[in-house]
Amino acid sequence: MTPAASDALPSSLPRPAGELERLQSAWQTPAGWRFFSSVNNTSIGLLYIGTALLFFLLAGILGLLMRAQLAVPENTLLAAATYNQVFTMHGTVMMFLFAIPIVEAIAVYLLPNMLGARDLPFPRLSAYAFWAYAIGGLAFFCTLFAGLAPDGGWFMYPPLTGKEYSPGLNADFWLLGIGFIEISAIAGAIELIVGILLTRAPGMTLGRMPVYAWAMLVVGVMIVFAFPAIIAGTALLELERAYDWPFFIAERGGDPILWQHLFWFFGHPEVYIIFLPAAGMVSTMIPTLAGTPLVGRRQIVVALVAVGFFSFALWTHHMFTAGLGVLEMSLVSAASMAVAVPTAIQVFAWIATLWRGQVRIIGPTLFLLGFMFIFVFGGLTGVMVAVLPFNWQVHDTYFVVAHLHYVLIGGMVFPVFAALYYWIPLINGNRLSEPVARWVFALMFGGFNLAFFPMHITGLLGMPRRVYTYAADLGWNGLNLASTAGAFMFAAGVLLFVVDAVRTLRQAGKQVGNPWHAATLEWLPSEHYGNRSIAHVASMEPLWDQPQLAAEVEAGRHYLPGSVTGKRETIVTSPVAATPRCVLILPTDSWWPLIAAAGTAGFFLLLTIKMTLAAWACGVIAVTGIVAWLWQGDRPAPMAAAKVSDTLTLPIGAAGAASPSWWATIIMLVVDATIFASFVFAYIHISMRLTVCPPPNAALADPLWPGLSAALLLAGSALFAVARRSIDIGTGKPLLPWLVLAALACMGASFACDFNGHRLAGLAPTSDAWSATVAALLAYQGLHMAGMLLAALYLCARAWRGHVTRASRATLDNTALMWHYTTLQGMCASLAIHVVPKLMG
Amino acid sequence: MGERFFRPLLYGTLPLLIWAAHFFAAYVLVAAQCGAAAATATLPSPRGALPAMLATLSVLALGACALLLWRASGKLRGAGRDPGLLGWAHAGSAVLAMLGVVWTCVPMLVIGGC
């Protein structure tokens with residue numbers, strides 16, 4: 001950089017005395033046991049990564065148990081029932097408690113620094129998501145020790161998991177535990193999307209944003225649209241089990257295939273939700289290790305987005321033997337092949353980058369090369385199983401087990417290990433041992449292929465998955481023994497890695513620096529507060545193109561070199577051009593997220609074991625915790641504006657579409673709408689199976705009632721709009737709570753109308769599946785009424801305490817969004833319930 | 001301030017949205033027309049009309065993708081300077097969406113009906 005350009009840096013020297021100390025003080029991480037109240041992304045990110053890796057080890061041990069059982073024919077190490085629990089927990093824990101959390105965890109840890117932000121916009125939400133996952137996940141895992149672990153396979157197909165064939169609590173633990181952990185994953189996704197869009201360093205346009213951030217943005221959006229389906233599915237199956245609402249019982253008009261649709265509409269995108277972050281990491285690491293910019297960077301971004309789209313069209317390729325129509329299956333088969341194209345674009349771009357550069361064969365490189373070999377192999381068998389006749393032959397055999405492990409371990413575990421080798425120096429400046437890395441890689445790569453390649457053959461020889469033993473004369477003995485040997489070899493590699501990681505992390509800390517000569521911002525000098533000043537980014541490879549950047553940032557020569565308000569702050573930038581918009585005051589450390597998470601986990605887990613009173617006590621603790629945490633926020637800033645550089649002054653805080661909380665609310669409502677759409681889909685699916693709709697002994701409510709309900713919902717929304725307007729014009733503060741309460745009365749009355757209409761029509765959810773789906777739609781609207789009741793009372797309390805003003809109106813604006821959404825949802829539910837039978841004739 | 005977000009978002013992803021609309025419309029149509037209920041209930045159209053409906057849908061989707069691809073390639077050729085990520089995104093997603101729609105059409109041509 002030329003001296004002239006250097007002189008034009010945002011902040012000049014010398015920096016004021018005490019500026020750095022003030023910044024350090026605001027971001028100080030609590031020591032001792034108070035560390036667990038920390039909400040900073042660095043603390044939470046490390047806890048999150050550690051917990052996810054713990055689950056990887058625990059699920060890996062279960063995998064070893066399975067392999068030990070299958071090492072020889074007619075083995076009696078595990079009983080059949082125990083084996084069922086072990087393979088179910090292996091799959092469930094790997095998918096839900098390791099694979100998804102680890103990619104979110106790495107993002108929580110890395111992204112703020114990579115984007116140049118001091119933290120993500122909702123650190124307490126990150127903390128809540130982590131603690132809910134950690135507490136709930138560990139409790140869920142412990143069900144194994146009580147013989148209560150789920151045993152219906154990780155995708156929990158009914159009727160096997162219905163009450164008739166799974167009468168114990170095992171399935172309930174899966175349904176409530178996993179449903180609740182998915183909510184935690186969605187919270188993490190909302191945090192990541194808003195963080196990526198609104199807290200990038202000034203100048204980091206979408207075109208300059210690191211590919212890893214692009215991958216996480218696509219993944220966040222995919223989570224928003226995919227995970228609601230499984231939440232709706234688990235809710236329906238749990239309602240069936242708890243209250244005998246027969247959604248999936250064929251004899252009463254239900255359909256087990258409905259579960260498969262809902263599960264795989266989540267389950268297939270999930271494969272890409274796991275793979276794309278890994279692909280993003282690979283696209284970040286390869287240019288560094290090859291010492292050259294990524295080939296086809298823009299094409300890779302487009303490919304990431306395209307994979308995100310295409311992945312939603314593949315859900316029924318897990319259902320090719322479920323009796324769907326030939327043309328339906330063929331459409332999905334074609335989409336399964338189409339998704340290979342954008343995936344291949346990325347693979348070719350990585351190969352081209354390696355080809356063009358000077359590759360250093362070190363720890364991360366080994367795992368990246370291993371990833372490419374294994375993942376491409378898994379992708380090829382993926383195209384094979386997308387071919388219908390082949391799929392029918394190998395369905396539910398060990399060929400599929402081999403394929404999915406090649407895709408998931410190759411596509412995600414190997415890149416994660418590469419990432420650990422690459423980014424562990426960020427923690428204390430120490431690198432993992434290179435000689436040990438070669439051993440770890442050799443054991444893991446060799447062990448993996450020895451374990452899983454023979455499974456292709458055992459599958460082709462007809463060995464079904466999930467059998468706990470097999471006869472000695474089937475020709476599978478040698479192959480199974482080889483698989484078991486490979487699995488233990490792989491585990492030895494993982495163990496060696498753990499030993500080396502512990503050794504490395506126990507070493508004395510040293511200067512992190514930029515050990516790989518990377519181009520991305522996470523390698524800038526960093527402390528608890530992130531970077532001393534927030535960099536102005538001018539290229540796609542800032543650390544390569546701005547060689548003085550680290551020194552400038554550390555000297556406080558870029559944006560926001562201190563804490564203006566004495567609190568934790570970051571800069572909010574515009575989503576496309578990353579133009580500075582305002583300063584966001586971030587919440588500080590607090591116990592409330594942990595308390596709320598413990599209450600939430602307690603509520604779901606105790607409800608599962610029918611300790612209803614204790615469960616509701618935990619529910620109250622959860623709500624209290626959330627209210628207490630929110631109550632401290634949304635207050636007027638201590639000053640209206642903050643000078644973030646020599647020439648730039650930004651407002652503190654923002655309202656409406658410029659506010660991160662507005663974006664978060666909108667995304668949350670998209671999640672909500674997708675859950676609702678899943679319930680509507682269930683209603684349509686069940687209706688389409690009927691010859692007469694509504695079925696005999698069921699009837700639609702008189703149209704008078706939904707009509708009245710819609711009118712009341714609209715009146716409630718209008719009152720809420722007036723309440724919001726009263727704050728806009730600054731004259732209606734005393735009026736606001738009363739208008740909100742009047743709106744609440746309208747909403748309550750509307751629900752009473754809906755309920756009464758269905759009551760008069762004789763709605764009996766236990767009688768048939770169609771009635772159950774109508775009741776589910778009604779119940780979901782009722783859940784929103786309960787939520788709006790809490791939100792309205794909270795808003796009124798804030799208004800009465802004088803916390804709702806033009807300068808602190810996020811609570812009002814966000815509640816208004818939720819309110820209008822509830823109105824819209826209520827009307828859509830009534831419309832759907834009445835229109836579908838008309839279409840069915 | 002005043003920066004547009006949703007318009008460029010739509011511009012960059014419109015071809016893929018067309019692919020999604022085509023795929024899901026085709027799937028729903030096939031599921032509705034070929035399902036058990038279609039044989040007994042009064043649905044909007046009989047099974048015999050399915051190939052024509054799918055063909056119409058596919059021609060519309062292919063036409064829209066081709067138009068977007070033509071416009072995007074024109075912009076890329078005409079851009080005096082770097083068209084930026086958005087220009088490439090529009091063109092790239094148009095190519096992939098076109099490919100996706102063509103691929104979806106193949107089973108329709110081969111299988112023909114339910």
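This is a predicted model: local features need pLDDT of at least 70, side-chain atom pairs count only at pLDDT 80 or more; totals for chains, interfaces and linings use all residues.
**First stop: two loop residues with positive phi**

Select D396(A). You will find D396(A) in the loop between α13 (388–394) and α14 (398–423) of chain A. Its phi is near 60 degrees, a positive value in a residue that is not glycine. Is D396(A) buried or exposed? D396(A) has 12 C-beta neighbours inside 10 Å, so it counts as exposed.

Now go to K610(A), in the loop between α20 (592–608) and α21 (612–631) of chain A. K610(A) is not a glycine, yet its phi is positive, at about 65 degrees. Because K610(A) has 11 C-beta neighbours inside 10 Å, this residue counts as exposed too.

**Second stop: two cis peptide bonds**

The peptide bond that joins L13(A) to P14(A) is cis, and omega is near -5 degrees. P14(A) belongs to the loop between α1 (3–7) and α2 (19–27) of chain A.

Then select C693(A) and P694(A). Here, the bond from C693(A) to P694(A) is cis, with omega near -5 degrees. To place P694(A), look in the loop between α22 (660–688) and α23 (704–728) of chain A.

Select residues 41–70 of chain A, which form helix α3. How far does α3(A) reach from its first C-alpha to its last? The helix has 30 residues and spans 42 Å, close to the 44 Å expected at 1.5 Å a residue.

Select residues 211–243 of chain A for α7 and residues 256–290 of chain A for α8. The axes of these two helices are 8 Å apart, and the helices pack at an angle of about 160 degrees. Angles over 145 degrees count as roughly antiparallel, which means that α7(A) is roughly antiparallel to α8(A). Turn the view until one helix lies over the other: α7(A) passes α8(A) in a left-handed crossing. If you colour the residues of this contact by type, you get 27 nonpolar, four polar and one charged.

For a closer look, pick G233(A), which sits in helix α7 of chain A. G233(A) has 28 other C-beta atoms within 10 Å, so it is buried. Which residues does G233(A) touch, leaving out those up to four places away in sequence? They are W259(A), L262(A) and F263(A). To prepare for the next stop, draw a distance from G233(A) to L304(A): the two are 71 residues apart along the chain, and their C-alpha atoms are separated by 27 Å.

Show both chains and select the contact between them. Chain A supplies 35 residues and chain B supplies 35 residues. On the chain A side, the elements that give two or more residues are α9 (297–310), α10 (326–338) and α11 (340–356). Which element gives the most to this side? It is α10(A), with nine residues. By type, the chain A side divides into 23 nonpolar, eight polar and four charged residues.

**Last stop: chain B**

Of its 114 residues, 32% count as buried. Look at how chain B comes together: among its contacts with a separation of 6 or more, 77% are between residues 24 or more positions apart.

Finish on A89(B), in helix α4 (residues 84–111) of chain B. With 27 other C-beta atoms within 10 Å, A89(B) is buried. Bring chain A back to see its partners: apart from neighbours within four places in sequence, A89(B) is in contact with V301(A), V302(A) and G12(B).

Conventions. Residues are numbered from 1 along each chain as its sequence is written. Chains are lettered from A and ligands numbered from 1 in the order in which they are written. Axes are lines fitted to C-alpha atoms, for helices over the stretch in contact, and angles run from 0 to 180 degrees between N-to-C directions. Helices (H or I, at least four residues) and strands (E, at least two) are DSSP runs, numbered from the N terminus. Angles under 35 degrees count as roughly parallel, over 145 as roughly antiparallel, 65 to 115 as roughly perpendicular and the rest as oblique. A crossing is left-handed if the near helix is turned anticlockwise from the far one by less than a right angle, and right-handed if clockwise. Ala, Val, Leu, Ile, Met, Phe, Trp, Tyr, Cys and Pro count as nonpolar, Asp, Glu, Lys and Arg as charged, and the others, Gly among them, as polar. Two residues are in contact if their C-beta atoms, placed from the backbone, lie within 7 Å. A residue is buried if 20 or more other C-beta atoms lie within 10 Å of its own, exposed if 12 or fewer, and partly exposed in between; C-beta atoms are placed from the backbone. The expected span of a helix is 1.5 Å times one less than its number of residues.
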